[in-house]
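Hello,

Here is the structure we talked about handing over. My notes on it follow below.

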Amino acid sequence: MISRVESAAATRRALLDAAAELLDLGGPEAVTLREVGARAGVSRGAPYRHFPDKESLLAAIATESWEHVGDRIQALRADSGLPASEQLRGALLAMIGIGRQKPHLYQLMFTTPSSNPEAVLRAASRSQDEFLAIVAAIVGEADARRYGALLLTSAHGIAGLELAGHLTAEKWQTNADELVDTLVRLVAQPGAGR
C-alpha cells in the first residue's frame, strides 16, 4: 500500500513532469496550473496543494534543472580518467545542450523567479562551484572566477546565437562545438591563468 507521503511525492513529480512538458511545448505562457493538473491526471485542486502559484512551479522546475546540471558537472569532475580540459569541454557543452534541446527551460534557468529565488540561486550556485572547481584545476584557484565568468558568458552567448539562428556555418565558418573547443584550448594553454 502506498503511503500518503509517497502519494504526495508521486503527485508532485507528475506535476513537475507535466509542467516541464508544457514549458518545452510553448514556454512559460503555456504553463498554467489548470493545464498542468489536467496533463498530470490529477484533480483541479491538486496543483495548488503543491505549488501556491505558477511562479512557484516554474521556480521548482528551474531549481531541479540546476540541480541536474550540478550533478552532471560533479560527475564530470569526479571522472579521474578524464583530463580537466575534457571535463571543462563537457561542462560547457552540457549548458549549451540544454539551450539546444530545451530552449524554454534554458531561458527559465537564467531568469530569477519572483517566487522562491533562494532555492534557484542555491542550486545554480552549486553548479557554478562545481564548474569553478574544474576551471581552477586548469588555471589555478586565483584566476578561476575570472576565467569561469569568461567561459560561462561565452557559452551563454554561443547558446543564444545558436538559438536565434545566428550562429551559422555559412556566416561564421564554425559551429558551437568548434567554438567550445577553441575556448578550452585558449584557457588550457600553459600560462593562461597567469
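**Salt bridges**

R39 and E21 form a salt bridge, with 3.1 Å between the closest N and O atoms. R39 sits in helix α2 (residues 33-40) and E21 in helix α1, so this pair ties together parts that are 18 residues apart in sequence. R39 has a relative accessible area of 39% and is therefore partly exposed. E21 is also partly exposed, with a relative accessible area of 39%. Please keep in mind that this is a predicted model.

K102 and D24 meet through their side chains in another salt bridge, at 2.9 Å from N to O. Because K102 lies in the loop between α5 and α6 and D24 in helix α1, the pair ties together parts that are 78 residues apart in sequence. K102 is partly exposed at 34% relative accessibility, and D24 is partly exposed with a relative accessible area of 32%.

A salt bridge also joins the side chains of R13 and E64, at 2.7 Å from N to O. R13 belongs to helix α1 (residues 4-26) and E64 to helix α4, so parts that are 51 residues apart in sequence are tied together by the pair. R13 counts as partly exposed, at 34% relative accessibility. R13 and E64 are linked with D17 in a network of salt bridges. Over the whole structure, the search finds 10 salt bridges.

**Helix α5 and its packing**

Helix α5 (residues 84-101) has 18 residues. From its first C-alpha to its last, α5 reaches 25 Å, close to the 26 Å expected at 1.5 Å a residue. The buried residues of α5 are Q87, L88, G90, A91, L92, L93, A94, M95, I96, G97, I98 and G99. Their cover includes α4, α6 (103-109), α7 (117-139), α8 (144-164) and α10 (176-188).

α5 packs with α10 at an angle of about 145 degrees, and their axes are 10 Å apart. The crossing of these two helices is right-handed. On the α5 side the contact is made by S85, L88, R89, L92, L93, I96 and R100; on the α10 side it is made by A176, D177, V180, D181, V184, V187 and A188. Nine of the residues in the contact of α5 with α10 are nonpolar, one is polar and four are charged.

**S56**

S56 is in helix α4 (residues 54-78). S56 has 13% relative accessibility, so it counts as buried. Apart from neighbours within four places in sequence, S56 is in contact with F51 and S115.

Regards

Key. Residues numbered from 1 in each chain as written. Predicted model: local features only at pLDDT ≥ 70, side-chain atom pairs only at ≥ 80, totals over all residues. Heavy atoms only, no water. Helix = DSSP H or I, 4+ residues; strand = E, 2+ residues; numbered from the N terminus. Buried < 20%, exposed > 50% of the residue type's maximum accessible area, 1.4 Å probe, protein only. Contact = heavy atoms within 4.5 Å. Expected span 1.5 Å × (residues − 1). Axes fitted to C-alpha atoms, helices over the stretch in contact; angles between N-to-C directions. Left-handed = near helix turned anticlockwise from the far one by under 90°. Nonpolar A, V, L, I, M, F, W, Y, C, P; charged D, E, K, R; others polar. Salt bridge = Lys/Arg side-chain N within 4 Å of Asp/Glu carboxyl O.
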